Amino acid sequence: MNQTVPAGPVRTCVGCRGRESRSKLLRVVVAEREDGPILVVDHRRRLPGRGAWLHESAACLNEARRRQAFRRALRVTAPLDVSLLLDELAAQIGTVQETQDTSKTTEGLSQDLGRNQNRKRV
């Protein structure tokens, strides 16, 4: 059982429950909108409030959504809108091609990310 612990602050991904240094994870926080709470990426890792940590992977995002890990980690009782998080993750992974098709739903985007998660970055 020779697991290496990363140097520096270590956080746990809410999706896969894997431990990584915080520099390799995205910090996600809840922002309030008039139509309900929404998940946003905290790029500078400085926004106030509780944060949840997530790998830049569609698999981790889908697993966190399936287990409702964001609601638990962020201590939110209302349903969370993940559309901005899906868009941000898609942009960072670079798996979604820009199209004029506005009929693509966040569920479809999530499925696209899941299919293309093994695609190499350029």
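Helix 1 passes helix 3 in a right-handed crossing. The structure discussed here is a predicted model. The axes of helix 1 (residues 58–66) and helix 3 come within 11 Å of each other and cross at roughly 160°. Because angles over 145 degrees count as roughly antiparallel, helix 1 and helix 3 are therefore described as roughly antiparallel to each other. On the side of helix 1, the contact involves Ala58, Leu61 and Arg65, which meet Leu85, Leu86, Leu89 and Ile93 of helix 3. By class, the residues of this contact comprise 6 nonpolar, no polar and 1 charged.

Helix 3 also relates to the sheet. Spanning residues 83–93, helix 3 lies across strand 3, strand 4 and strand 5, and runs at about 15° to strand 4.

The sheet itself is open and consists of 3 strands in the order 4-3-5, with antiparallel pairing. Strand 4 (36–41) and strand 5 (52–54) are at the edges; each has a single partner strand, so one side of each is left without a neighbour in the sheet. On average, and with direction ignored, neighbouring strands of this sheet are turned by 40° against each other. In general, the strands of a sheet pair through backbone hydrogen bonds, in either a parallel or an antiparallel manner. The two pairings in this sheet are set out below.

| Strand pair | Bridges | Direction | Example of bridge partners |
|---|---|---|---|
| Strand 3 and strand 4 | 6 bridges | antiparallel | Arg33 with Gly36 in strand 4 |
| Strand 3 and strand 5 | 3 bridges | antiparallel | Arg27 with Trp53 in strand 5 |

Strand 3 covers residues 26–33. Together, strand 3 and strand 4 form a hairpin, with 2 residues between them. Although strand 4 stands at an edge of the sheet, 6 of the 6 residues of strand 4 are buried, so this strand is largely enclosed by the rest of the structure.

Strand 5, at the other edge, contains Ala52. With a relative accessibility of 1%, Ala52 counts as buried, because the category applies under 20% relative accessible area. When neighbours within four places in sequence are left aside, Ala52 is in contact with Val14, Leu26, Arg27, Val28, Phe70, Ala73 and Leu74. For Ala52 and Leu74, which are 22 residues apart along the chain, the C-alpha atoms are separated by 6.5 Å. Another of these contacts, Arg27, is the residue whose bridge partner in strand 5 is Trp53.

Note on methods: Residues are numbered from 1 along each chain as its sequence is written. This is a predicted model: local features need pLDDT of at least 70, side-chain atom pairs count only at pLDDT 80 or more; totals for chains, interfaces and linings use all residues. Side-chain values use heavy atoms; hydrogens and water are left out. Two strands pair if DSSP finds at least two bridges between them. Helices (H or I, at least four residues) and strands (E, at least two) are DSSP runs, numbered from the N terminus. Axes are lines fitted to C-alpha atoms, for helices over the stretch in contact, and angles run from 0 to 180 degrees between N-to-C directions. Contact means heavy atoms within 4.5 Å. Angles under 35 degrees count as roughly parallel, over 145 as roughly antiparallel, 65 to 115 as roughly perpendicular and the rest as oblique. A crossing is left-handed if the near helix is turned anticlockwise from the far one by less than a right angle, and right-handed if clockwise. Ala, Val, Leu, Ile, Met, Phe, Trp, Tyr, Cys and Pro count as nonpolar, Asp, Glu, Lys and Arg as charged, and the others, Gly among them, as polar. Buried means under 20% relative accessible area, exposed over 50%, partly exposed in between (1.4 Å probe, protein chains only).
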